[in-house]
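Work through the exercises below with the sequence and the 3D structure in view. Try each task before reading its solution.

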Amino acid sequence: MCLIIASEAGRWPEQELIEQGFRDNPDSWGLMVADGRKVRVSKGFTRATLLTAVESASRSALSYVLHYRWATHGKVDLSNCHPFKVRRDLWMAHNGVLSIPTPQARYSDTWHFVELLKANRDRKSTRLNSSHTDISRMP
């Protein structure tokens, strides 16, 4: 199952925890860092790029979310790498398996869920209503 590590500004995990997360969840990693104005996102597949991204972000002493993916649905590629942008000011990472239709086999369950959120974000209802969205016709 995926792993999410999050922390307040200025607190970063030890390098061993970062590397263990990568070894246990090898299908990709994604890092979100909040700088007070926007969210900066880095994604990748290699240990070296992960360590570089973490080192760079840790120098800024900002809040972060680090996601390691263990693929259960969809291809192992950047389109399925967390976090996912829901809207300009909202990103999402998920841990676990979502029990929703995943008609496009190349995409993960989280990708499908984010597409449902995007399709429903302009509705007045605060409840996700997937019965009105045909996700099999999404790009």
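**Exercise 1.** State what covers the buried residues of α3.

Solution. The cover includes β5 and β6 (90–92); helices (H or I, at least four residues) and strands (E, at least two) are DSSP runs, numbered from the N terminus. Contact here means heavy atoms within 4.5 Å. The model is predicted: local features need pLDDT of at least 70, side-chain atom pairs count only at pLDDT 80 or more, and totals for chains, interfaces and linings use all residues. Residues are numbered from 1 along each chain as its sequence is written, and side-chain values use heavy atoms, with hydrogens and water left out.

**Exercise 2.** Decide whether α3 is mostly covered or mostly open, and check its span.

Solution. Step one: nine of the twelve residues of α3 are buried, so the helix is mostly covered (buried: under 20% relative accessible area; exposed: over 50%; partly exposed: in between; 1.4 Å probe, protein chains only). Among the buried residues are Trp111, His112 and Phe113. Step two: α3 (residues 109–120) reaches 17 Å from its first C-alpha to its last, close to the 16 Å expected. The expected span is 1.5 Å times one less than the number of residues.

**Exercise 3.** Explain where the buried residues of α1 lie around its axis.

Solution. Step one: in α1 (residues 15–24), Ile18, Glu19, Gly21 and Phe22 are buried. Step two: they cover an arc of only 155° around the axis, which puts them on the same side of α1; the arc is that of the directions from the helix axis to the C-beta atoms. Step three: their cover includes β1 (3–7), β2 (28–34), α2 (47–60) and β4.
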